[in-house]
Amino acid sequence: MSTAPSSKKILIVEDEKDILQLVKLYLEKEGYRTVAAMTGTEGLRLVKSERPDLVILDLMLPELDGLEICKKIRTARETALLPIIMLTAKAEEADTVVGLELGADDYVTKPFSPKALVARVKALLRRVERSQEEGPPRYLYGDLVMDLAKHEVTLNNREVPLTAKEFGLLEHLLRNSGRVLTRDVLLNAVWGYDYYGTTRTVDVHIRRLKQKIPLLNDAIVSVKSLGYKLKERDG
Ligand code: CA
């Protein structure tokens with residue numbers, strides 16, 4: 001059964017009061033609940049405290065801009081999949097925003113019609129709902145299988161005992177295979193913002209993963225002065 005739109009909560013982060021009010025009005029007219037912020041810092045705080053179902057994020061914001069917020073949302077484990085629609089002033093900006101690794105799911109260029117924005121919100125929420133119905137993903141990587149529902153990693157059908165951090169790190173690498181992930185991104189994603197360790201922690205855990213799962217020896221490559229990449233692979 002699909003959820004009624006009225007139960008969905010949308011966070012709007014926009015520093016132009018008129019646009020903010022207009023978007024809020026149209027969303028509420030459609031039955032959505034809304035929360036609003038006019039600065040990036042406040043927006044990020046509300047992402048954590050309000051747990052919205054979707055975020056409408058202006059690119060140009062005081063304090064912390066839309067891209068910075070996007071990045072913080074994407075690298076924190078509990079909000080990594082939060083749907084984001086970015087509001088941009090120019091179409092060229094939009095390409096960057098959506099194309100980026102830590103970017104938005106969709107974008108709308110200003111000036112926009114509120115109706116069109118509401119349609120995008122609906123479409124994105126539908127897309128998310130569909131992927132949730134498919135259940136938690138399983139990652140296949142050669143003979144390696146990560147089953148998120150069982151919280152289990154197997155290699156050639158034999159379970160590989162991993163610590164919680166090793167599991168988190170491997171999950172992040174599998175989810176982003178083919179992409180270079182900096183040590184900072186990995187540190188934030190797996191250990192969280194409040195962690196005060198150094199990026200060396202990441203190196204140590206990568207080494208342990210490679211010891212436990214030999215096929216990762218060649219598969220996880222270190223990218224000079226950047227971070228790590230899990231090579232892409234079919235199946
Ligand atoms: Ca703005």
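Predicted model: local features only at pLDDT ≥ 70, side-chain atom pairs only at ≥ 80, totals over all residues.
Residues are numbered from 1 along each chain as its sequence is written, and side-chain values use heavy atoms, with hydrogens and water left out.

How do the two domains meet? Six residues of domain 1 are in contact with 10 residues of domain 2, where contact means heavy atoms within 4.5 Å. Together the domains bury about 840 Å², with 50% of that on carbon and sulfur atoms; buried area is the accessible area (1.4 Å probe) that two parts lose on being put together, summed over both. Between domain 1 and domain 2 there are zero salt bridges, meaning a side-chain nitrogen of Lys or Arg within 4 Å of a carboxyl oxygen of Asp or Glu.

Now find the calcium ion. D15 (OD), D58 (OD) and M60 (O) coordinate the ion at 2.1 to 2.4 Å. Donors are N, O and S atoms within 2.8 Å of the metal (3.2 Å for Na, K and Ca), and water is not among the atoms, so sites may look incomplete. Along the chain, the donors follow the spacing D-x42-D-x1-M. D58 counts as buried because its relative accessibility is 3%, while M60, at 56%, counts as exposed. (Buried is under 20% relative accessible area, exposed over 50%, partly exposed in between, with a 1.4 Å probe and protein chains only.)

Finally, look at two rings. The charged end of K29 sits over the ring of Y26, 4.3 Å from its centre, and R233 lies over the face of Y141, 5.3 Å from the ring centre. For this, NZ of Lys or CZ of Arg must be within 6 Å of the ring centre and within 35 degrees of the ring normal.
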